[in-house]
Amino acid sequence: MTDFSALHFDVLSIAAWSPGLTNLDDWLSWAHEPVPLRVDGVPDVSRVPAGLRRRLDRRGKMALFTTFEVDPGADASTYVFATPLGEVQRSAEILDANSRHEPVSPSTFASSVHNAIGASYSIARVVRAPVVATSAGDDCVRSGWLTVC
């Protein structure tokens with residue numbers, strides 16, 4: 001078994017998004033007086049070029065919004081995007097189209113891979129560092145942390 005006791009890292013920034021909760025102060029206020037979160041709306045991803053923005057679903061926009069919020073602006077040594085299942089909705093659209101013998105949209109196909117969000121981010125911000133995507137179901141957080149370490 002690997003000994004991880006010598007590992008050390010710092011969390012420099014955190015971010016999350018929900019309609020009406022877009023920054024740390026909003027989330028801290030909500031944490032002190034929690035109410036059910038709204039499920040409507042999409043985050044502002046105007047920092048993403050329009051061509052990429054059109055290809056993003058709501059969850060992709062949420063991921064990119066939070067990534068832009070925590071990114072210090074200088075390339076990190078590595079970017080890690082961890083997701084439980086990857087782009088399941090896009091994959092289901094492809095399977096559905098295939099079952100009806102319909103052509104699959106190239107845009108849907110390109111957006112269906114689990115590293116699509118990380119790739120979109122690297123294009124939007126011209127990231128030259130490695131971008132890694134991990135998809136590990138219920139273990140996605142653990143997988144992300146192990147990948148970082």
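A residue counts as buried when its relative accessible area is under 20%, as exposed when that area is over 50%, and as partly exposed in between (1.4 Å probe, protein chains only). The model here is a predicted one, so local features need pLDDT of at least 70 and side-chain atom pairs count only at pLDDT 80 or more, while totals for chains, interfaces and linings use all residues. Residues are numbered from 1 along each chain as its sequence is written, and side-chain values use heavy atoms, with hydrogens and water left out.

On to the rings. Four aromatic pairs turn up in the structure; rings of Phe, Tyr and Trp (its six-membered ring) pair if their centres lie within 6.5 Å, and the planes make a pair stacked under 30 degrees, edge-to-face over 60 and tilted for the rest. One of these pairs is Tyr79 with Tyr121, tilted, at 5.7 Å centre to centre and 55° between the planes. This pair bridges distant parts of the chain, 42 residues apart: Tyr79 belongs to strand β1 (residues 79-83) and Tyr121 to helix α6 (residues 116-125). Helices (H or I, at least four residues) and strands (E, at least two) are DSSP runs, numbered from the N terminus. Tyr79 is buried, at 8% relative accessibility, and so is Tyr121, at 0%.

Tyr121 also pairs with Phe81: the centres are 6.1 Å apart and the planes sit at 55°, so this pair is tilted. Because Phe81 lies in strand β1 and Tyr121 in helix α6, the pair ties together parts 40 residues apart in sequence. Phe81 is buried too, with a relative accessible area of 13%. Ring pairs join Phe68, Tyr79, Phe81 and Tyr121 into a cluster.
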